[in-house]
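Student: Could you take me through one part of this assembly in detail, the place where two of the chains meet? I would like one connected account that also says something about the parts on either side.

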Amino acid sequence: MQLRAATPSGTMDLDLRRGSFTVTLNAICWKCSPLPASGFSSGEPAKPKTGEYWKRVGVWYGAGVSSMDDLERTISGLRKQIRQSVASNDHATLAELRVKLRQAEKQWDEALDELAPAAPATMSLLPLREQVHQALTVLTVAAAPKLIAAVHEAFFAGAMAGGQLTHLRRDEERSFRSAPHARPYYLCSAVTADRLTPVRGLLAVSTWPLERRVIGSLSPRVDFLTAAIRVAEHVLRPGAAGPHALQLLRRFAASIPGAWADADEVSPDMVMRAARAELDVHDHSDRVQRRAAAARASKQLDESQQLFGAAPLGVARQAGERR
Amino acid sequence: MSTLTALARVQAAHHGAAQQICTVRHLHVHDRPLVLVPLTLAGETNAPLAAMVGDRHGNPQVLVVPRPRLREQRFVFVERLANIVLSYVDGFTDDVETLPAKRKDDEPRQRFTDAPQVWVPNPGGVEYLRLMGRMTRFRQTTGDYAVAAGVPQLGKWATWLAEQAEYPDSSVLVAATQALTGFWATGQSSLEDGNLAALMGWIAPPAGMTAEQAAATAEDPILCPPAGPATDPQFDRLVLAPALRDLEEAPSDAVRVRVQERLTLALREQMQPTWDRVWQAIGLLGAQQPGGSVEQRWAADRDRFSDFVAYLRDTGHPQAKRDSAVLGARKLHDMERRLANFEAQRAFDDPLVMGEQRMTGEAFTGIVTWSDPLRTVTLSRRVLRPGIVVETEDPLRLVAGDADLRDPQRPNQKASILRLSESAGKISVSLELQGGTGSGLTAPPGSVPAVGERVTYSRLQVSYMSPGQFPARDQTPWTHGGPPQPYAPATSDAAEDWS
Amino acid sequence: MTAAEQAERAVAEIIGTFTSGAHRGVVVDSPPGAGKSTLVVRTSTELARQGEQICVVAQTNSQVDDLIIRMATAADDLRIGRLSAGDYRPSDEVSRFPFVRVASKIDDLASCKIIVGTAAKWVYVTDGQWPWAIIDEAYQMRSDMLLRIASRFERMLFVGDPGQLDPFSTVEESHRWAGLAWDPMQSAVAVLLRNNPDLPQLRLPLSWRLPPSAAPVVAKAFYPFTGFEAATAPQTRGMKATAAGLGVGPVDDVIDIAAETGWGFYEMPARNTIRTDAEAVQATVAIATRVLQRGTETYCEHAPGGRRIEPGRIAVGAAHRDQVTALRQALEASGGSGIRVDTANRLQGAEFDVTVMLHPLSGRIDATAFHLESGRLCVLTSRHRHACIVVGRAGIPDLLDTHPSVEPIYLDAMTKFPDGWEANQAMLAHLAGHRVAAF
Amino acid sequence: MENTEQRLSRLRGGGDPEAHNARTIAAMTRNPGCVRRAIMDAAGVDKPAVAAAVGHPTSIGRLSDFAVSRGISFETRVKSEGCAELLRLLREQLGLPVPQAHYEDLGSTGKGETVSGRYLRSKAMLDTAEQGTGTLFDHPLLRLSISGVWAYLEPDLVAFQLGEKFYVIEIKSFPVIDGVADASKVAASVTQSAVYVLALQSLLSEAGRDPGLVSHEVILVCPKDFSNQATATLVDVRKPLAALRRQLSRMDNIAALLHLLPANVTFDPELPAMELAQALTQASARYSPECLAACEMGSFCRAEAKGSTAILGRTVREDLGGVDAVSTALELATGRLQPTKDLLQAAHVLRLAQRMRTEALAR
């Protein structure tokens with residue numbers, strides 16, 4: 001979609017399909033102060049090419065345009081002042097300006113919301129925890145939010161915002177503590193083999209054997225290789241080899257020796273073979289370490305700790321002191 | 001750096017105004033240059049954010065990448081930049097002049113009567129073009145990763161331009177800060193001279209400001225946005241990041257348009273002062289008298305431009321990522337010879353540059369006090385070797401026996417020092433001259449410096465630039481890794497990430 | 001094993017490795033005065049006597065002449081060819097040998113067993129291949145030069161001193177090729193070894209030039225990884241002034257210390273000066289001429305009974321050309337003609353009995369990479385058979401200490417060790433023990 | 001009698017010293033001859049606050065948020081999935097054997113863990129790491145003695161054991177394009193790596209092991225070309241390491257420098273501006289324009305050095321024969337000032353330069 005709009009200082013070409021635009025300036029009119037946001041006003045000779053689009057623009061500009069202009073000017077001015085205060089290390093003014101800026105931005109957002117139609121959601125309809133469970137069930141090993149999201153995107157409908165996963169584990173822990181075993185599964189932690197504390201940034205499933213959730217020094221690698229095999233297996237299923245899935249597989253293949261000749265298309269069989277070959281090297285030592293740690297954990301930890309990890313030493317002591 | 005330039009800096013600091021370090025300008029200044037002021041997105045590798053570009057001060061094109069993290073949008077930007085740059089460059093391929101052949105059996109040569117000249121604000125702009133070239137010249141216009149035809153073409157030109165900028169005698173790609181510091185010394189350090197606004201503050205302070213005030217103002221990123229390609233981190237945080245976020249989250253095209261306009265204005269504010277300063281620099285330098293050899297060097301630039309246009313028409317392979325052994329050696333050979341000639345030409349054109357040679361005693365200026373144009377010596381036969389005596393006050397460090405000295409007024413005449421004698425702070429240098437006097441035993445009038453004439457002798461000379469003997473690429477010896485693989489277009493290059 | 005036997009064994013091994021033909025290239029590291037030229041002459045004459053034709057590539061015309069004279073003296077039964085530019089006139093010394101043939105075209109030298117020429121001249125030989133070549137002063141040769149001539153030869157023996165100055169380019173600030181295995185600005189040997197790391201790299205273990213007082217000092221500062229030793233015993237070398245000093249001047253004192261210990265450091269009061277520091281120039285010249293005036297005698301393995309130092313056996317060295325000119329002018333004015341004065345670059349490969357050197361950092365505010373280059377100081381402090389006297393202003397250690405040492409780093413670039421900074425420190429630490437303070 | 005530590009504390013106006021990190025320690029090697037800087041760094045003075053207080057606020061080290069987030073995301077990528085990408089690089093480029101794929105996270109386990117506790121844990125882990133049982137160690141806590149006080153370093157680095165050797169891995173987000181990276185950025189990161197190498201050596205020697213086990217080569221991991229893929233390069237850090245050792249040993253002699261300061265001087269940022277500026281001048285600075293990019297006090301020192309040739313750059317002063325005031329240089333050049341004996345030669349050169357400039361510009 002291409003548009004041309006006249007502005008006081010020249011013309012502006014819009015190419016909305018490609019998301020780019022060019023501004024041609026007739027004369028130099030640079031000022032330090034923000035120029036008034038302008039264009040598309042009724043008298044200017046704009047030549048819309050798509051009627052429908054132009055209607056929306058017209059509505060938008062007809063409605064809140066003056067207040068939005070004011071807001072933008074305010075925001076722009078505030079930002080400039082903030083930069084000045086930052087430059088001169090004026091912390092008092094800075095804090096004050098930041099509050100004002102946040103307010104103005106909020107108003108601007110609100111004004112936008114009024115103007116704009118709500119964005120249609122293309123997210124999965126399943127609750128987040130179920131999506132995570134789906135992905136982890138594919139992988140069969142503890143995984144980081146990014147990987148979980150990638151797996152979900154590869155094999156299930158819709159994208160998943162990895163950032164939302166950070167609170168998930170805490171919610172699950174709270175839920176388990178208030179009513180243990182009320183749910184068929186919980187999303188829980190992986191625990192470190194040496195101190196049985198939760199591993200940062202990894203999610204696991206409560207129904208897995210403890211041994212699988214204990215992370216020793218070789219486990220990250222072993223789990224990575226296992227995950228690669230599972231992903232490859234999954235890609236082989238009919239209809240599963242979509243672009244996201246192949247991309248995910250390539251990511252795995254790139255880091256496994258012999259899994260991928262760079263020039264060729266990635267082959268799930270080759271990935272599996274290569275991953276298994278490396279897995280054979282590590283598997284025994286890893287299993288020994290995990291087993292020992294799991295045995296220790298089942299002796300030393302209560303049920304909830306087995307799922308969500310022991311508190312770090314220092315924290316436990318502090319908690320004890322408080323009591 | 002030399003004592004002459006150091007003194008100029010001292011004078012500039014004292015008087016609060018930039019001082020000339022050249023009497024003439026040694027750079028060719030085009031009457032229709034293309035100015036490019038690029039901005040990039042911090043944290044990414046040469047990710048274009050915006051650019052102001054055009055061949056008229058009053059008519060810049062403002063290109064903005066509204067979502068600079070998206071690869072497609074970057075290529076759209078490149079395509080637009082390519083349209084502007086390529087049509088500018090193409091504008092110089094219409095008029096051709098024919099020159100006699102260099103060697104007997106060759107065809108007469110043709111070259112374009114003019115060539116492009118691109119100005120960027122600073123060396124960062126040169127690096128921007130180099131990386132832009134690297135990023136785009138291997139792209140393919142067909143296949144899975146097809147890009148617009150202009151993209152790889154711009155890549156080759158950007159690469160060519162950036163490479164020319166490595167040679168000090170070339171004027172096809174000019175960094176404004178370097179062009180200015182080549183002519184003026186300021187009262188600040190060369191590090192601070194890297195800031196175009198500060199530098200211009202010393203050369204042409206805005207009305208009502210002293211040079212020092214202007215230079216101080218220039219360090220305030222709000223009053224003087226950086227000349228790029230990197231943007232001010234505070235601008236990133238307070239203007240750019242919110243705008244990009246708004247674009248990302250814009251619920252409709254209408255909102256997007258609005259935010260884009262806001263973003264464009266903000267970016268234009270960041271580029272406009274630099275745009276103006278580059279044009280101002282072009283004006284200031286263009287107003288200076290050019291040195292005698294500028295035209296000749298520009299002709300060499302036109303030669304190279306013509307050659308490159310021909311190359312693009314013939315094979316047009318993208319330039320290699322790094323030089324092969326043979327290419328590297330050839331380029332070093334060229335660089336050294338061109339540098340030597342450039343230094344000699346500058347000194348011959350400009351008494352201040354020659355002054356640097358005189359300061360070190362490698363050259364001297366004086367008045368001819370005695371001249372014998374008919375002096376002969378007998379080698380295998382009697383030959384004409386005119387003699388002169390030059391009296392100088394310069395701190396001469398040349399000694400008797402030093403030969404192959406030249407006076408810029410008679411470049412084909414070699415002089416050697418026979419004797420030196422000193423009296424009353426002045427040195428009398430007896431010189432024997434050879435060449436430039438015809439073949440007979442009488443020197444034509446004017447071919448030998450006359451008594452009272454002012455002459456300058458130095459070791460500098462402008463010599464014929466031989467291309468040098470190098471092995472062919474496929475004959476690269478084992479000592480240097482053997483012959484390299486010949487170029488073949490690779491999908492991996494065309495598909496290369498740009499993130 | 002005597003020193004001579006040790007050296008002989010090393011030479012035999014080198015010649016054996018090279019002539020075995022098993023390697024396309026053999027590198028020989030030769031510390032200062034370790035018999036590099038002798039090795040070149042022996043290898044070429046031995047091969048020539050076996051009926052082989054051998055090419056020798058040197059870097060300068062005087063190096064070529066020097067080699068030809070040595071070869072012609074060692075082997076008057078061999079035809080030697082000198083490949084030269086059209087306008088080359090053989091020096092009197094070269095003209096003495098009727099069997100040395102001078103020509104500018106390689107075809108005219110076809111009958112010669114040994115063909116010697118500068119690298120710059122070999123470049124113009126564009127056809128043909130010769131079975132054997134010796135590349136002399138290979139560390140001084142730039143790799144682009146090697147690129148241009150390497151195809152002419154089947155096997156090459158690279159001989160040179162790794163501690164000396166790197167080859168030079170006028171476009172030093174260009175880093176276009178940094179990190180490339182064939183960086184044209186690097187030395188021929190650096191590029192050769194980078195591309196062919198498995199080539200044999202041998203070395204000559206003994207210095208015949210440097211006295212026992214100097215060899216360990218120079219070896220530690222500039223050759224920390226390989227090292228070398230003096231071939232002579234301490235009692236073999238000695239130096240004394242026949243006329244006693246006046247006993248009052250620091251100039252005499254520093255000469256006495258140098259005569260006794262092999263080293264002297266004439267330290268002038270701290271001051272920032274211009275490069276051609278007149279006082280330092282005067283002091284340097286005064287010391288050099290005073291050595292002559294006092295009728296200094298040296299004795300060594302060649303002259304156990306002692307001999308008078310002639311002006312030609314003394315060298316005065318400095319870092320910059322303008323310093324050299326100032327020194328030359330001052331020397332002429334004080335009757336020191338005949339003494340060689342030159343920059344470190346030009347003193348490479350030369351040998352003297354006594355050297356007097358103006359320290360590259362004397363009087364400076366700042367140490368640049370040029371002044372810190374370890375090869376520069378190495379050349380200046382390793383030219384002497386008996387004694388080296390360094391002249392400098394106080395404050396150099398402080399200058400080094402406050403010098404910001406972090407310079408840009410290019411990935412995969414060929415870095416040279418030892419670091420100039422460390423080498424300078426090591427040398428200064430040694431000189432501190434031989435210090436005489438000027439007034 | 002006040003000891004050095006007490007004096008340093010009083011210098012910074014009480015309170016905790018500014019925490020050192022590899023960047024600030026590396027920065028100390030930039031202008032080693034500057035007394036002002038040496039004292040302020042040793043005392044851990046809040047230099048940005050002082051600079052702002054005396055009217056020269058600074059933006060050194062301030063990065064764009066875009067750059068910061070890109071740096072974090074690249075590092076996360078390289079380290080994700082048990083450092084899968086890193087293992088690939090190390091296997092490809094250094095021949096790391098496949099069985100060596102261990103990963104230990106030595107990062108903080110929570111609020112309760114003290115730094116010294118973490119240090120001990122890192123030490124124990126690295127000490128017992130025998131060949132084959134440890135490969136990658138993430139977030140180890142190291143420490144270095146800075147003028148007698150422990151500075152704890154929380155590097156985002158991986159210590160890597162290959163064969164007998166430990167390597168420091170530095171992950172940076174500037175690109176390596178066709179094998180070439182920005183040389184000044186490489187130098188800066190490599191100097192930081194040298195800090196870690198030094199700290200790792202000191203950890204090993206504290207554990208009674210040979211500090212020589214730490215390689216003098218560090219592994220620099222950067223984005224390859226224009227992509228997010230990583231590439232690894234070995235860089236020799238012997239030179240920066242030597243420089244750093246030297247600077248740290250100088251810092252140990254800080255007591256000697258402190259004696260140069262009057263006893264009542266402090267650099268407390270809370271002092272009135274005039275008083276603070278006055279105090280600063282008591283410690284002599286060695287300004288050069290390079291300071292502007294390396295030291296928070298740079299702008300202040302430049303203003304202070306106004307009128308001196310130092311502000312024109314180091315080489316300029318050298319070319320002026322060491323004359324240190326702009327006015328002196330000019331008066332010597334024009335002959336208005338009769339040179340003292342030690343400036344005789346410089347004056348001669350300056351007069352010559354003046355003559356040549358006048359002559360050339362008049363024509």
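**Where chain D meets chain B**

Tutor: Happy to. The contact takes 42 residues from chain D and 42 residues from chain B, where two residues are in contact if their C-beta atoms, placed from the backbone, lie within 7 Å. Please keep in mind that this is a predicted model, in which local features need pLDDT of at least 70 and side-chain atom pairs count only at pLDDT 80 or more, while totals for chains, interfaces and linings use all residues. Residues are numbered from 1 along each chain as its sequence is written, and chains are lettered from A and ligands numbered from 1 in the order in which they are written.

On the chain D side, two or more residues each come from helix H5 (65–94), H13, helix H14 (326–334) and H15; helices (H or I, at least four residues) and strands (E, at least two) are DSSP runs, numbered from the N terminus. H15(D) gives the most to this side, with 9 residues. By class, the side of chain D that touches chain B has 24 nonpolar, 9 polar and 9 charged residues. Here Ala, Val, Leu, Ile, Met, Phe, Trp, Tyr, Cys and Pro count as nonpolar, Asp, Glu, Lys and Arg as charged, and the others, Gly among them, as polar.

The axes of H14(D) and H15(D) come within 7 Å and cross at roughly 70 degrees; axes are lines fitted to C-alpha atoms, for helices over the stretch in contact, and angles run from 0 to 180 degrees between N-to-C directions. H14(D) and H15(D) are therefore roughly perpendicular to each other, a term that covers 65 to 115 degrees. From H14(D), D:Ala329, D:Leu332, D:Ala333 and D:Thr334 meet a group in H15(D) that includes D:Ala346, D:Leu350 and D:Arg351. This helix pair brings together 7 nonpolar, 2 polar and 1 charged residues.

Chain D also touches chain C, with 31 residues from chain D and 24 residues from chain C. Helix H13 (314–319) and helix H15 (344–362) each supply at least two residues there too, as do helix H7 (183–206), strand S8 (230–236) and helix H8 (238–252) of chain D. On this side H7(D) gives the most, with 6 residues, and the classes are 14 nonpolar, 10 polar and 7 charged.

The domain assignment, which is automatic or from a database, divides chain D into domain 1 (4–60 + 251–283), domain 2 (65–247) and domain 3 (312–362). The centres of domain 2 and domain 3 of chain D, taken over C-alpha atoms, are 51 Å apart.

Now the partner. Chain B has 14 helices and 17 strands, and its assignment gives domain 1 (3–319) and domain 2 (348–458). Their centres, over C-alpha atoms, lie 44 Å apart, yet 10 residues of domain 1 of chain B are in contact with 8 residues of domain 2 of chain B. The domain 1 side of that contact has 4 nonpolar, 6 polar and no charged residues.

One residue of chain B to look up is B:Ser293, in the loop between helix H10 (253–286) and helix H11 (294–314). With 21 C-beta neighbours inside 10 Å, B:Ser293 counts as buried, the cut-off being 20 or more other C-beta atoms within 10 Å. Leaving out residues up to four places away in sequence, B:Ser293 touches B:Gln345 and B:Asp349.

Methods
A residue is buried if 20 or more other C-beta atoms lie within 10 Å of its own, exposed if 12 or fewer, and partly exposed in between; C-beta atoms are placed from the backbone. Angles under 35 degrees count as roughly parallel, over 145 as roughly antiparallel, 65 to 115 as roughly perpendicular and the rest as oblique.
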